[in-house]
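User: I'd like to go through some of the labels on this model. Can you walk me through how they were assigned?

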Amino acid sequence: MITFVGTYDCKADAKGRVMIPVALKNQMAPVVNEGFVIKRSVFQNCLELYPMSEWNQLMQQMHRKNRFKKKNNDFIRRFTAGVKIVEIDATGRLLIPRNLMAVAGIDKEVVLSSAINILEIWDKDSYEKVLEETAADFADLAEEVMGDDGDALP
């Protein structure tokens, strides 16, 4: 299992290619040869980049869903809408498909943000806006999510 660390400002060229910063490329080295899956986020107006091993684990969970329940089928269809397999090229660039760039509103300024085992890909202005909007409630959110004694950190 891989864990990514950091937030990186990047630029996308006219074709949607983003140069991966060296510090992030070094973190991706253990999984770069297996490829990645890129998809739209469920909760935010951004994209998610999954190392193939992480994507495969998630798909194992999906395989266990009963496809004869309409809500499961609808969820799977929506969750996998627009999913693409992508690679980091020899020069360290990620090509973001045009349709997914449009979905996330990505133009030139891009933020690659670690989200534990995946990377979020944001339009820079959208990322900063979301951070501002959630800043006031973050203390309450942290207490609610991490404050349960049963899940205490070591």
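User: What makes the place of Leu141 a helix, and which one is it in?

Analyst: Leu141 sits in helix α6, residues 138-146. Helices are DSSP runs (H or I, at least four residues), numbered from the N terminus. This is a predicted model, where local features need pLDDT of at least 70, side-chain atom pairs count only at pLDDT 80 or more, and totals for chains, interfaces and linings use all residues. Residues are numbered from 1 along each chain as its sequence is written, and side-chain values use heavy atoms, leaving out hydrogens and water.

User: Why is Leu141 called partly exposed?

Analyst: Buried is under 20% relative accessible area, exposed is over 50%, and partly exposed is in between (1.4 Å probe, protein chains only). Leu141 has 45%, so partly exposed it is.

User: Which residues form the nonpolar patch on the surface?

Analyst: Phe138, Leu141, Val145 and Met146, with about 410 Å² of accessible area together. Patch residues need over 30% relative accessible area and no salt bridge; nonpolar side chains are joined within 5 Å, like charges within 9 Å. A salt bridge means a side-chain nitrogen of Lys or Arg within 4 Å of a carboxyl oxygen of Asp or Glu.

User: What about the negative patch?

Analyst: Asp125, Glu128, Glu132 and Glu133 form that one. Asp and Glu count as negative. Glu128 lies in helix α5, residues 124-135, and its 37% makes it partly exposed.

User: Is Cys46 buried or exposed?

Analyst: Buried, because its relative accessible area is 1%. Cys10 counts as buried too, at 6%.

Terms used. Areas by Shrake-Rupley, 256 points an atom, 1.4 Å probe, with all protein chains shown as cover. Charge placed at Lys NZ, Arg CZ, Asp CG, Glu CD. Helix = DSSP H or I, 4+ residues; strand = E, 2+ residues; numbered from the N terminus.
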